There are 4 protein chains.
Amino acid sequence: MKYSFKNDYSEGCHPNILKALLETNEHQQNGYGLDDYSIEAQNLIKKNIKNYDAKVYFVSGGTQANIIVISAFLRPHECVISADLGHILNNETAAIEATGHKIISIPTEDGKINPKQIQDIIDTHQNKPHQVKPKLVYISNSTEIGTTYSKNELQILSDFCMENELYLFMDGARLGNAIMAENTDLSLEDIAKYTDAFYLGGTKNGALLGEAIIINNKNLQPEFDFHIKQKGALLAKGRLLGIQFLELMKDNLYFQLAKKANNHAMKIKEAFANKGIFFYTENFTNQLFPILNLAQIESLAENFDFYVWKKIDEQNSVIRIITSWQTQDIAVEQLTNKIQEF
Amino acid sequence: MKYSFKNDYSEGCHPNILKALLETNEHQQNGYGLDDYSIEAQNLIKKNIKNYDAKVYFVSGGTQANIIVISAFLRPHECVISADLGHILNNETAAIEATGHKIISIPTEDGKINPKQIQDIIDTHQNKPHQVKPKLVYISNSTEIGTTYSKNELQILSDFCMENELYLFMDGARLGNAIMAENTDLSLEDIAKYTDAFYLGGTKNGALLGEAIIINNKNLQPEFDFHIKQKGALLAKGRLLGIQFLELMKDNLYFQLAKKANNHAMKIKEAFANKGIFFYTENFTNQLFPILNLAQIESLAENFDFYVWKKIDEQNSVIRIITSWQTQDIAVEQLTNKIQEF
Amino acid sequence: MKYSFKNDYSEGCHPNILKALLETNEHQQNGYGLDDYSIEAQNLIKKNIKNYDAKVYFVSGGTQANIIVISAFLRPHECVISADLGHILNNETAAIEATGHKIISIPTEDGKINPKQIQDIIDTHQNKPHQVKPKLVYISNSTEIGTTYSKNELQILSDFCMENELYLFMDGARLGNAIMAENTDLSLEDIAKYTDAFYLGGTKNGALLGEAIIINNKNLQPEFDFHIKQKGALLAKGRLLGIQFLELMKDNLYFQLAKKANNHAMKIKEAFANKGIFFYTENFTNQLFPILNLAQIESLAENFDFYVWKKIDEQNSVIRIITSWQTQDIAVEQLTNKIQEF
Amino acid sequence: MKYSFKNDYSEGCHPNILKALLETNEHQQNGYGLDDYSIEAQNLIKKNIKNYDAKVYFVSGGTQANIIVISAFLRPHECVISADLGHILNNETAAIEATGHKIISIPTEDGKINPKQIQDIIDTHQNKPHQVKPKLVYISNSTEIGTTYSKNELQILSDFCMENELYLFMDGARLGNAIMAENTDLSLEDIAKYTDAFYLGGTKNGALLGEAIIINNKNLQPEFDFHIKQKGALLAKGRLLGIQFLELMKDNLYFQLAKKANNHAMKIKEAFANKGIFFYTENFTNQLFPILNLAQIESLAENFDFYVWKKIDEQNSVIRIITSWQTQDIAVEQLTNKIQEF
């Protein structure tokens, strides 16, 4: 069987989590997120982001987190601004629109948004009340193509949003990878400071499932749990999410796993670079987008699974290689060896 | 610490599941429900219900199952009929209405619906197009108060729905308990035969989370997966649900666990009955609703957790005792001993 | 052809309106409610209710007014409380639920709501976040069965709602009839004082179409026009609504028309009463609900159209007789003559 | 006061309509669209389109028509394809998204859609079920920039939609102008033949308000009236819409009015062309988009109202001139005189 570099959710979970599930299995706990583990995990996250006034909620997946946050924050006539590569735009079966809200798309090269682009949207949405009101800026970090925001970029975006009464919400399905990127200066604490809300992705970084939604803006906290329940996301055995985030947050495991995934990717990146191969975007996280010719793609495909992401021309395509906390050293070695044969 | 009889989701999961999670943890699998375990579990369920044309989907919870099924099946002007005790009416934060559909409530004593009651609703909804169109009958088995449908009752209901072009959907959050009730003659196969769709609850019968939605009506199958994704219910690591249902369905574990829960309840029921205590409803599943006086309630509350469900008068209230697959023999013994002291 | 007492929208509009439409027909005006007539009509209404801080919006019908007000005021997890006879519950094809909000029904005899009933609902909706949050109280004046609120009743309801952070919204499809009822002491000014929002029905009181939504609560005013547009209710030629309300509000025409309709009804009421006929509810507005035997119903049906509203027993039913601003004196005389023959 | 060329809904309605309203005013009629006038108007429209199996419904405005048609036709996971200039995309406050459906935008120069563009969208929406399912193609005729579809273009589009199981829906807010354009060969009958549904705009062509929705596809007809009611669009005095369409459809008044508006525009077009002025799009309907320099714009603005539609560069902008059935000859003459002074 081929080794898969298709995504970062091909395996189960970190062994510590399974161990904790075993150890706690027989303990009776309150349901619906009121269990001891969830409460402890929430406290650990608040400590980690150094914001004890934040509210932390656990849900089972990223689309769910996006649906709940966005529909809870917006009034019916308000809409979302997203980069064109945003997961909510292309990969969630119009889940946001299904809650009644339009998403305005910003064309980007790198999947990131800047204030100038948002200002353009505000300027072209002045025909009130015939146009929707832009109200929430959705960003991803890392983005769908593995790029990240610097501290300065996020701060400027945050200031702009505040001045324009826009909420800033960060999709952190791969937040660990973003924070541990070797080129970043952005910390979890910064993110808690500069966003109204964000989530910390567990599914793609060592958990069986689970995202931790963190609401920093106090005005957006009240009655948020109603929305979780209404959208079908309040697990009876919330302990399953609590236990996992407790393990991930302990001793920085979360960040170690993300670092490991990034390191794997950087090794592979180096192998491609050594062969003079270009990338669609330069990345320091766990996603790589090398531009290969058909022969190279075929050669890799003999032993590895990956997505052919985008056709460039008749001879060349971009492929996507994703590493994870669980990617095996040996698989990385086999892959880099194969690349060296190009 | 007091032993809890508050609900059937106080503990983790059956050890077989943890074992299987451990064993499969490192195997790379496709995401989003296309993993080997999910496919195998789906096949096992189809075999179990003896309907190989059914479609089986796994989601993480009951509210989610209700949202997805109902909103996928109905057009905007169509509505749901439910018994007044239906979970969708009182315990799901108007999740169904949030998808745009009204629920018409039928007053009941036992939480069950019969054709006569549905006919009344049809008769009083003839002012077209000024009233919603009743289109889906939602029933629970076992119900919120632990009662169950007999084979004959379900068959009559099914015939009536078919004649009246109504869909029949069964909420099976506690379907194992219903099927294993000593007074029932209804099999899983019957349910697959007489409903358009139903779900098999895992969360309350040994799983960490998970419900298996089974769609029997072929007209309602196409493109159902879009709805799962749109409502945020398609887990990236669908394997987590597949592995669990695979374990539960193997060697009838699912039914054994439900039987065990029922047996515990029956022992406790006998203890109450021996003391001449009446019940709010007669039950053969894992929920008991004894009517106790305040002194009795206080006495039990010293050692056990349970819900005071409904006040009868100044001196008496109905309490709710729930057993589960995981309820300890010793706890049942302690409880029955305590009851004998009344 | 039989004369119809079926409803109060069987004819066109008051001649003054047609005259004004003719006179203004060629004047160029701004679209979408920014025409001179709409602005003047808004000012006249504010003057009439003695609240210059109110905001006034015109829409084409009652269901539309209910949809827009309720969906604009509520967050997704909040719901409406309504009397069981409320128009939104039974006569609007689940239009409110289609915007995502549940309606909790209060069983009533007279179609009216009191604080005790609301308190009961609050008390039984404390299982947060598993139940919806009651947030808006919807009342009708006059009600679907022609009853009205006294000043004292409305004041008490208003105080209760304020204390419990509930919005109070009055459906005024027949508000003119309510205010002009001979037994009422409630003025338009009172209504503006005691409700967060209400609407003044034009369709059933002399207009071709149109309801004037008045928002008294300043917190609920911002960006309300976006909701009107989004729900398809912002007429390009808003002048049509402005002109009509301008005519209706001038020289108290609106109230004269309602008074005329009520007077007609009172004459018919007297005729029934003189024959010892009982009523389902005692009414002082333009709707009557006499309880007649089959022979009496058949006799009336020879010459008049009306609804048989509710069966009482095999021999008797309640019929509904509605008068309007346009009901002809001669028709009332013919009807009362017929009644005298009973 | 300046004469306005800002839009085609600045005045009231055609005198025939006022006359008919006067004459019918006192006739008692059934409510909610079951009046004699509505039925007669529906028949007249069916005769006009030569499709007696069509269903015709009247609603008060274009946004309302779009909301009702689209939300009635689509299942929750299905979406709309529209040209980027589509009214539903930019001018309706996300009314379609508010019913839960995404709109995919096609970049266009002329506001029109062709099969190639739709095929591209189908091709890029194959990641099922992670992406929405394109299901309805929304086109406008004439478009927002006054262009029109030829018979051949519509036929090709219709064939393509049928092959790909897509519904084809035409927004006909300015359908009269499109059909009466001197360069078109497309008839009303053709439109009824090649679309699943379309609407005939009254508001912008002589009515006070009103659009006639025509559903040609028999599968989409059942229970459509429920959706009209649910969205708040079923007027109690439906006669108001019936009477208007009856007058407009009689003796081809509808088409004469549109022709008159087009003729006015063509005269103005000629005046601009004579001065060597270019247009943003070439138009044969009632909208003109000349590209003027600032001095020219200022000069026109002294005597006329119009929109500055789009800035081209620092010295030039596109303005929008709209004529209507009611545009005065003298105003056209004054405008063309002014243009000749350029």
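Contact here means heavy atoms within 4.5 Å. With that in hand, here's a quick look at a predicted model, with two spots picked out: helix α7 of chain C, residues 151-163, and the pairing of helices α10 and α11 in chain A.

**Helix α7 of chain C: what packs on it**
- The cover over the buried residues of α7(C) includes α6 (115-123), β5 (133-140), β6 (167-171) and α9 (188-194) of chain C.
- Those buried residues are L154(C), L157(C), S158(C), F160(C) and C161(C).
- Look down the axis of α7(C) and its buried residues sit within an arc of 165°, so they line one face of the helix.
- Over on the other side of α7(C), M162(C) and E163(C) are exposed.

**Helix α7 of chain C: length and what follows**
- After α7(C) comes E165(C), which has a positive phi, near 55°.

**Helices α10 and α11 of chain A**
- A pair of packed helices is described by the angle and the distance between their axes.
- For α10 (residues 239-249) and α11 (residues 253-274) of chain A, the axes come within 5 Å and cross at roughly 75°.
- On the α10(A) side the contact uses E247(A), L248(A) and M249(A), while α11(A) brings L253(A), Y254(A) and L257(A).
- By type, the residues of this contact between α10(A) and α11(A) split into five nonpolar, one charged and no polar.

How values were computed
Residues are numbered from 1 along each chain as its sequence is written. Chains are lettered from A and ligands numbered from 1 in the order in which they are written. This is a predicted model: local features need pLDDT of at least 70, side-chain atom pairs count only at pLDDT 80 or more; totals for chains, interfaces and linings use all residues. Side-chain values use heavy atoms; hydrogens and water are left out. Helices (H or I, at least four residues) and strands (E, at least two) are DSSP runs, numbered from the N terminus. The expected span of a helix is 1.5 Å times one less than its number of residues. Buried means under 20% relative accessible area, exposed over 50%, partly exposed in between (1.4 Å probe, protein chains only). The arc is that of the directions from the helix axis to the C-beta atoms. Axes are lines fitted to C-alpha atoms, for helices over the stretch in contact, and angles run from 0 to 180 degrees between N-to-C directions. Ala, Val, Leu, Ile, Met, Phe, Trp, Tyr, Cys and Pro count as nonpolar, Asp, Glu, Lys and Arg as charged, and the others, Gly among them, as polar.
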